[in-house]
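Biologist: I have the model open and would like to go through it with you. Could we take it piece by piece?

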Amino acid sequence: MLKNMFTVPDNFRMFRKQFFDQCKFIGLEALPVICIISIFLGMVMTLQVAYMLTNPIVPRSVIATVVRDSMLLEIAPTGICCILAGVVGFKITSEVGYMRLYEQLDAMEIMGVQTLNYMLFPRILAAMLTIPCLIIFSLTLSMFGGYLVALFSDNIPTAYYLTGLTSEFNPYEVAVAGVKTITYSFVISSVAFYLGFYFRGGTVELSRTSTRSVTLNCVIILTLDYLITSLML
């Protein structure tokens, strides 16, 4: 499937339109959910770390450092991508499976349209562009959520929180998070499309296939998470 995807588009104008439609479909429509989840994740993480680090010997700024590294290395790239596997992966499988169910894909192939290049390639490109942007938004909003906790509670002073965000920062962690995010973006879009494109059956089977897409994507993401972490850290 992936090999047949890399062909020259028959119509670059339609290819560009499909790409921007998928950027909106994958990225913008998932943005409100990611924003809400990220803010509360940052708030909860800050409260829990502050609860665990009650030893007076430990500087209070360490709370923000732990929250930052946890969000950057694991929670944002892996956790948010698992959520996107449910939001984006389900939608891609359902959409493509619906087109297969009502023979729209068969009609496109009869007309000579390169369906994999026209439908799969823009989705993978859009996912690999928009999902990293969503992860950046998630990281920023989670840090802001932690700042709100520091601002309106006595768990950690805001000055210590801001100091902890910048202290002992390792840029290599950003590279690790980037590799994870790009890999997960490719997995989510390709696996979800594969299950929808080769779907067979009726509406009940389509619902089960869409649910299977979410489960399979999450399992693959968690497996790759372990492999990438063990290789890069």
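Biologist: Is Glu168 buried or exposed?

Modeller: Glu168 counts as exposed, because its relative accessibility is 74%, where exposed means over 50% relative accessible area, buried under 20% and partly exposed in between, with a 1.4 Å probe and protein chains only. Before going on, please note that this is a predicted model, in which local features need pLDDT of at least 70 and side-chain atom pairs count only at pLDDT 80 or more, while totals for chains, interfaces and linings use all residues. Residues are numbered from 1 along each chain as its sequence is written, and side-chain values use heavy atoms, with hydrogens and water left out.

Biologist: Where is Glu168 found, and what is its phi?

Modeller: Glu168 is in the loop between helix 7 (158-166) and helix 8, helices being DSSP runs of H or I with at least four residues, numbered from the N terminus. Its phi is positive, about 55 degrees, although Glu168 is not a glycine.

Biologist: And what about phi at Glu103?

Modeller: Glu103, also a residue other than glycine, has a positive phi near 60 degrees. It lies in the loop between helix 4 (61-101) and helix 5 (104-110), and with 55% relative accessibility it counts as exposed.

Biologist: Switching to helix 4, where is its kink centred?

Modeller: The kink in helix 4 is centred on Met71 and is about 55 degrees, the bend being the angle between axes fitted to the seven residues ending there and the seven starting there.

Biologist: How does helix 4 cross helix 3?

Modeller: The axes of helix 3 (residues 31-52) and helix 4 come within 10 Å and cross at roughly 145 degrees; axes are lines fitted to C-alpha atoms over the stretch in contact, and angles run from 0 to 180 degrees between N-to-C directions. By class, their contact has 14 nonpolar, three polar and no charged residues, with Ala, Val, Leu, Ile, Met, Phe, Trp, Tyr, Cys and Pro counted as nonpolar, Asp, Glu, Lys and Arg as charged, and the others, Gly among them, as polar.

Biologist: What about helix 4 with helix 6?

Modeller: Helix 4 and helix 6 (residues 115-152) pack at about 145 degrees, with axes 9 Å apart. The residues of that contact divide into 17 nonpolar, two polar and three charged.

Biologist: Last one: which residues does Thr181 touch?

Modeller: Leaving out residues up to four places away in sequence, Thr181 touches Pro77, Ile131, Pro132 and Ile135, contact meaning heavy atoms within 4.5 Å. Thr181 sits in helix 8 (residues 172-197) and is buried, at 4% relative accessible area.

How values were computed:
Helix = DSSP H or I, 4+ residues; strand = E, 2+ residues; numbered from the N terminus.
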